Amino acid sequence: MRAQEKRAVEAVTDHLAGLDRVPDALSLAQVVGTALGATGCAFTIAGRRHQWGNGAERWHTQPVACDGEEQALLSVAPETAGPVDALAAALGPPLLAMRLAAETDRLRRDGDAAARELVDDRWRTTVEMEQERRSLERDLHDGAQHHLVALKMSMALVEHTGATEERLAQLESKLDAAEKALTDTAAGILPIPLSTEGLAGALAAELAAHSDVTLDTTGFRRRYPPLVESTVYFACLEAVNNAHKHAPGAAIAVVVRDTTRGLEFGVSDDGPGFAATHARLPNLSARMATVGGTIDIRSSPGQGTTITGCVPR
């Protein structure tokens, strides 16, 4: 064994004897490099290089083994400082401990990251479930409720005019429509006309049974993404439902059109109106917000009510 290598082994032994924990790779590299009289010393442990000194010259690199398994790489500069077989043998146990510590730390970090990802996934799942719940709630409110309001109006009419065979048949038809709307909404199915004929066709099919509602889609000349069309469809139905509930007997006009701003709609009635200073429709507003849209309510006593909405291009 060369004198310099012997000094390095002794320096490593003294350094380790004074420690009560796993040695620091950079400090150990400094001890080895200084004892060898090298310009640089480095350990590559678990894929990470810990280097002391500049080592501008060519490096000598050799493996460090313990229990028959390679634990790290020892590099010294200049190249003429190696080989250092006896030193590598002495470094086997401490580098084994350092490799295990490094891998344990990596596993801990991976575990922490996996735990954070799991928490994030659970949070995202919770948020998505809440969004789905709110979406289902809005669809039930805006779609199925439309049929239930129509059914309630027909029942009131039967109550006042008598249960003729024709009236009972109409009630049965409206009840079937309400049941289908509830079933389809719970299954996440859009109304067939909305899927096949688009927004204009779906509104025409849905509002045709209401003699007090007129629909104008002459200014609507293009198709929009399904989410946008379904949002405006349900928003129009909710606005019509509100008019039926709060302005019974009033004439209702629904207008859907393309403008330079985007897809716009308006639902107006000539009912009693109200002081709209603080009027809010949170359900409708939340629905429109899902596609970046907005709504506006204009009303005053004796002047009717108009609800307008816009989904920007």
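Which side chain meets that of Arg58 in a salt bridge? The partner is Glu79, at 3.8 Å from N to O. A salt bridge here is a side-chain nitrogen of Lys or Arg within 4 Å of a carboxyl oxygen of Asp or Glu. Arg58 sits in the loop between strand 2 (48-53) and strand 3 (60-66), and Glu79 in the loop between strand 4 (69-77) and helix 3 (85-161), so the pair ties together parts that are 21 residues apart in sequence. Helices (H or I, at least four residues) and strands (E, at least two) are DSSP runs, numbered from the N terminus.

The model is predicted, with local features needing pLDDT of at least 70 and side-chain atom pairs counting only at pLDDT 80 or more, while totals for chains, interfaces and linings use all residues. Residues are numbered from 1 along each chain as its sequence is written, and side-chain values use heavy atoms, leaving out hydrogens and water.

Across the whole structure, eight salt bridges are found. In the pair described above, Arg58 is exposed, at 63% relative accessible area, whereas Glu79 is partly exposed, at 37%. Buried means under 20% relative accessible area, exposed over 50%, and partly exposed in between (1.4 Å probe, protein chains only).

A further salt bridge joins the side chains of Arg99 and Glu69 (4.0 Å, N to O). This pair links distant parts of the chain, with Arg99 in helix 3 and Glu69 in strand 4, 30 residues apart. Arg99 is buried, at 12% relative accessibility, while Glu69 is partly exposed, at 43%. Both belong to a network of salt bridges that also includes Glu103.
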